[in-house]
Amino acid sequence: MQGRLRVEPHPEAVAAVVAEQLLTALRQRARLGLATGRTMEPVYAALRERLQQLPAPQRRALLEGWRSFNLDEYVGLGPADPASFAAFMQQQLGGPLALEPGALQLPDGRAADPDAEALRYAAALAAAGGIDLQLLGLGSNGHVGFNEPPCSALAACRCLQLSQATREQNAAAFGGDPAAVPERAITLGMSEILAARRLLLVVTGAAKAQILRRALLEPPCAQVPASWLQQHPQLEVVADQAAAAALSH
Ligand code: GLP
């Protein structure tokens with residue numbers, strides 16, 4: 001891995017480090033690539049806290065320039081559905097920070113033609129100038145965004161079938177029933193992710209230790225989509241001790 005690895009004692013310390021980086025990026029008017037998932041909840045809480053502590057004019061200046069693109073969305077779900085990623089982002093950041101409509105961009109899960117929506121979203125991202133800082137979580141099966149294995153480093157933004165493993169991993173948001181998790185999603189591809197100027201991979205918890213080891217220490221391969229991140233010259237990984245436990249042996 002050519003990037004940097006930073007290990008913190010616990011998820012709250014990870015969140016503090018990541019929130020500081022996001023705040024710095026906002027000060028630099030960076031376009032953010034944002035992620036969902038439980039790993040991001042303490043990160044967004046720490047970011048909200050820091051923003052809310054700023055004097056109002058400073059905070060307003062930062063928030064007015066906010067323009068972010070999320071990684072993914074479930075096909076069939078819109079912002080009114082509490083399990084959608086649009087709702088998650090609104091609950092975590094949009095509402096509490098009173099962001100302007102349109103500040104948080106996501107693929108439209110309700111689009112009549114999801115394949116066309118994936119193309120539209122990729123074009124909108126390209127037209128905006130791409131992503132400066134891409135925040136990433138890690139799926140238990142090695143996915144990033146919803147790039148399910150096997151996945152090439154060249155895969156572009158698209159609509160795809162979710163794996164059974166992912167539907168099980170994300171079932172909690174759907175009353176614990178994997179069958180209730182949508183079968184398809186729209187995701188930025190590895191190619192758009194790898195095109196971001198900087199990548200920030202955030203991984204916490206012992207359950208991710210083995211997949212993080214494979215992602216960072218094994219030769220990049222399609223079976224572990226996150227392993228393609230090793231090829232990015234500006235990759236930073238922030239992990240807690242539990243997630244980093246398998247990296248040293
Ligand atoms: C989800 C998202 C990913 C996220 C990952 C990890 O399915 N599509 O972007 O990083 O899975 O989720 P969690 O943080 O809840 O473990």
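At what angle do the axes of helix 2 and helix 4 cross? In this predicted model, the axes of helix 2 (residues 40–53) and helix 4 (residues 85–94) cross at roughly 35° and come within 10 Å. The structure also holds an open sheet of seven strands and an open sheet of three strands.

**Contact of helix 2 with helix 4**
- Helix 2 contributes Glu-41, Tyr-44, Leu-47 and Arg-48 to the contact, and helix 4 contributes Phe-88, Met-89, Gln-92 and Leu-93.
- Five of the residues in this contact are nonpolar, one is polar and two are charged.

**The seven-stranded sheet**
- The strands follow the order 1-10-9-6-2-3-5, with parallel pairing.
- Strand 1 (4–8) and strand 5 (104–105) form the edges, each pairing on one side only.
- Strand 9 (residues 198–203) and strand 10 (residues 235–240) run parallel and are joined by five bridges.
- Leu-200 is placed opposite Glu-236 in strand 10.

**Helices across the sheet strands**
- Strand 2 (32–34), strand 6 (133–136) and strand 9 have helix 2 lying across them, and this helix runs at about 135° to strand 6.
- Helix 5 (residues 114–128) lies across strand 3 (68–70) and strand 5, at about 155° to strand 3.

- The edges are strand 4 (72–74) and strand 7 (158–161), each of which pairs on one side only.
- From one strand to the next, the twist averages 25°.
- Strand 7 and strand 8 (residues 184–187) run antiparallel and are joined by four bridges.
- Gln-161 faces Arg-184 of strand 8, standing opposite that residue.

Note on methods: Residues are numbered from 1 along each chain as its sequence is written. This is a predicted model: local features need pLDDT of at least 70, side-chain atom pairs count only at pLDDT 80 or more; totals for chains, interfaces and linings use all residues. Side-chain values use heavy atoms; hydrogens and water are left out. Axes are lines fitted to C-alpha atoms, for helices over the stretch in contact, and angles run from 0 to 180 degrees between N-to-C directions. Helices (H or I, at least four residues) and strands (E, at least two) are DSSP runs, numbered from the N terminus. Contact means heavy atoms within 4.5 Å. Ala, Val, Leu, Ile, Met, Phe, Trp, Tyr, Cys and Pro count as nonpolar, Asp, Glu, Lys and Arg as charged, and the others, Gly among them, as polar. Two strands pair if DSSP finds at least two bridges between them.
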